[in-house]
Amino acid sequence: MASKPQKMPKVAKVKDKSPAELQITAEQLLREAKERELEIVPPPPRQKISDPEELQEYRLKKRRAFEDSIRKNRGNISNWIKYAKWEEEQQEIRRARSVYERALDVDHRNITLWLKYAEMEMRSRQVNHARNVWDRAVTILPRANQFWYKYTYMEEMLKNTAGSRQVFERWMEWEPEEQAWLTYIKFELRYKELDRARAVYERFVYVHPQPKNWIKYARFEEGHSYIQSARRVYERSTQFFGDDHFDESLYIAFSKFEEGQKEHDRARAIYRYALDHMPKEKCLSLYNEYTRHEKKYGDKSSIDDVITSKRKFQYEEAVQNNPHDYDTWFDYVRMLEADGNVDLIRETYEKAIACIPPIKEKRHWRRYIYLWIYYAVFEELTTRDNERARQVYQMCLRLIPHKVFTFAEMWLLYAKFEIRQKDLAAARKSLGQAIGMCPKHKLFRGYIDLEIKLREFDRCRKLYEKWAEFDPENCKMWIQYATLEAVLNDTDRARGIYELSIAQPRLDMPEYLWKSYIDFEVEQEEWDRVIHLYERLLERTNHVKVWISNARCRYSMPVPDNVVQARGVFQRANRSLRSCQEKEQRLMLLESWTEFEEEAGDSDSLEQVKKLIPHKVTRRRPVTANDGSQTRWEEYIDYTFPDDEAAKPSLLLLAKAKEWAKKQKEQKDSEENTEGQMDES
């Protein structure tokens, strides 16, 4: 019979191919499947076994199920453990032991399996079997501390102290972690075996050489009243760690131990030794404990030492963070100088001056140079080591980049130092070298003052000549040079210096130079020269103060017509300042003239001067912005002088306007009077 052609099943057509609003992922499908497996299933009914045959059938069924599950997944240790536990519940210890052995053949490094096996033997009171299991376990897995803990605990529970100690010794051969050693020590202490515990501690601190373990060892000795032994342990620990591996906790514990034994000197010595040898950044707690100890048991000097040590630590930490903080270096050195430790002070100075500013700019070097100065002064005054002080000065002068900038104060201090050492040639040599390398006004001034004190005036003249070549515009230098010659009564030479100075094309303060020259001639009472100087000065400047000074000088001259000459100067000044744009200068002149007339003149001359006093007038002027546009108007005070011809037309117009307004007012008043008389009649 011919087979009919097979029809293909009809496939439903999908009309809407857009994605569904709620998307389901593969992860959700798997999670839902898992949740459905975990749904609460009613437990199987309890089976009551009534005869041995039924029991054997039940056991056979369960064993077959366990064997099948083991066969399916041999590496799943939980199945083996369940199997062995079920056999144990059936009192089939040999079968359970056989299951554990088979499981160990599968995975002999499973810690849980060994633990369950040994616990089963202990529950069954099979001591020798349990020992056998523990021995095999610690042999195969000696780093599994659980085996050793449980093994020793079992032996101790069995009152087998020697066996437990033997297990501990086997364990210690593997050099386990710290807790294992401490457990061994506690075991010996429970049986009052102090010597054995001490021996364990001896091995322990070398296997785990941490400071905390040495501290535990020392406290063990102290706790059992072995004070000397505890002290020896602390001393051995400090020797063991040496100077390369300092630990502040060890020294703190050592010091507190001595403090507890009322050995305060020992505790203080330990603190100081640790503070002197440990890095400063690692002993902050040590400082605090030392401070606490001294405040509690020390005297005033020891407390001061503690505070000084703490400040020293703070300063060292600050300069380590910022070695160019020279103010901190200053404070640090001052504190050390108060203690008086010369070697430490020198060492600190050397460290400080080694911190050279990185930039060759004078503002960065100003504070740094003072370190050298303080260092040299310390060597000279405190240690009296003059040769070392000289070396400090010379090293500093070699270090300064004189081609970029210099410090005149350093040269002068070095020269004064050599003078104090009665070496005048070295002082002159250093100052001459300074002027040749980097001439400065302060250097010239200091060198000249030195020679003046030594009464070497010829050298002073040579120095002033060098100074004049270096800076001919310095008016102060010319005045001092001329003053020196005047003090030496060399009038012609002083006058020549003044003439040379005012002949310079440029001067920084010419008014002071002219005033000094005029005062010099006044002191010499050379009145003709004074008048001539004023006339020469007025050719150069028309300043009102020069005119006033000239007039006052004429008035003070011991001549009969001094008042007339002074008045003539005021009149010339008034005519000269009439064209001056600054009217305040002319007003100042007139005020000074008025004071002069009140002092030396008569009423007529005073009245004439008062007629020249200007009137104040308030005016307005536009204020322009930077772009030239007019922004606003401002008021200002202007002065109108009666004798100013430029102001006369405006004054005449103003007078006529006032006269017209006065006439209008009088006419109005007369008309009002006439109307009043007519009303009354």
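Is Phe 240 buried, partly exposed or exposed? Select Phe 240 to begin: at 39% relative accessibility it counts as partly exposed, where buried means under 20% relative accessible area, exposed over 50% and partly exposed in between, with a 1.4 Å probe and protein chains only.

This is a predicted model, in which local features need pLDDT of at least 70 and side-chain atom pairs count only at pLDDT 80 or more, while totals for chains, interfaces and linings use all residues. Residues are numbered from 1 along each chain as its sequence is written, and side-chain values use heavy atoms, with hydrogens and water left out.

**Aromatic pairs**

Rings of Phe, Tyr and Trp (for Trp, its six-membered ring) pair if their centres lie within 6.5 Å; planes under 30 degrees apart count as stacked, over 60 as edge-to-face and the rest as tilted. The count by this rule is 39 aromatic pairs. Helices here are DSSP runs (H or I, at least four residues), numbered from the N terminus. Tyr 206 is partly exposed, with a relative accessible area of 46%.

Next, select Phe 405 and Phe 407. Their ring centres are 5.8 Å apart and their planes stand at 85°, so the pair is edge-to-face. Both Phe 405 and Phe 407 are buried. A charge sits over a ring if NZ of Lys or CZ of Arg is within 6 Å of the ring centre and within 35 degrees of the ring normal.

Then select Trp 148, Tyr 149, Phe 168, Trp 171, Tyr 184, Phe 187 and Tyr 191, which ring pairs link into a cluster.

**From a ring to a salt bridge**

Move to Arg 198, whose charged end sits over the ring of Tyr 226, 4.8 Å from the ring centre. Which side chain meets Arg 198 in a salt bridge? The partner is Glu 221, at 2.7 Å, N to O. A salt bridge is a side-chain nitrogen of Lys or Arg within 4 Å of a carboxyl oxygen of Asp or Glu. Glu 221 lies in helix H11 (residues 211–223) and Arg 198 in helix H10, so the pair ties together parts that are 23 residues apart in sequence. Glu 221 is buried, with a relative accessible area of 1%, and Arg 198 is buried at 19%.

**Further salt bridges**

The salt bridges number 43 by this rule. Select Glu 289 and Lys 256, whose side chains meet in one of 3.8 Å, N to O. This pair also links distant parts of the chain: Glu 289 is in helix H15 (residues 284–297) and Lys 256 in helix H13 (residues 248–260), 33 residues apart. Glu 289 counts as buried at 18% relative accessibility, whereas Lys 256 counts as partly exposed at 40%. Now select Arg 346, Glu 379, Asp 385 and Arg 388, which salt bridges with shared partners join into one network.

End at helix H1 (residues 26–37), which holds both Arg 31 and Glu 27, four residues apart, about one turn of the helix. Their side chains meet in a salt bridge of 3.9 Å, N to O. Arg 31 is partly exposed, with a relative accessible area of 41%, and Glu 27 is exposed, at 57%.

Conventions. Helix = DSSP H or I, 4+ residues; strand = E, 2+ residues; numbered from the N terminus.
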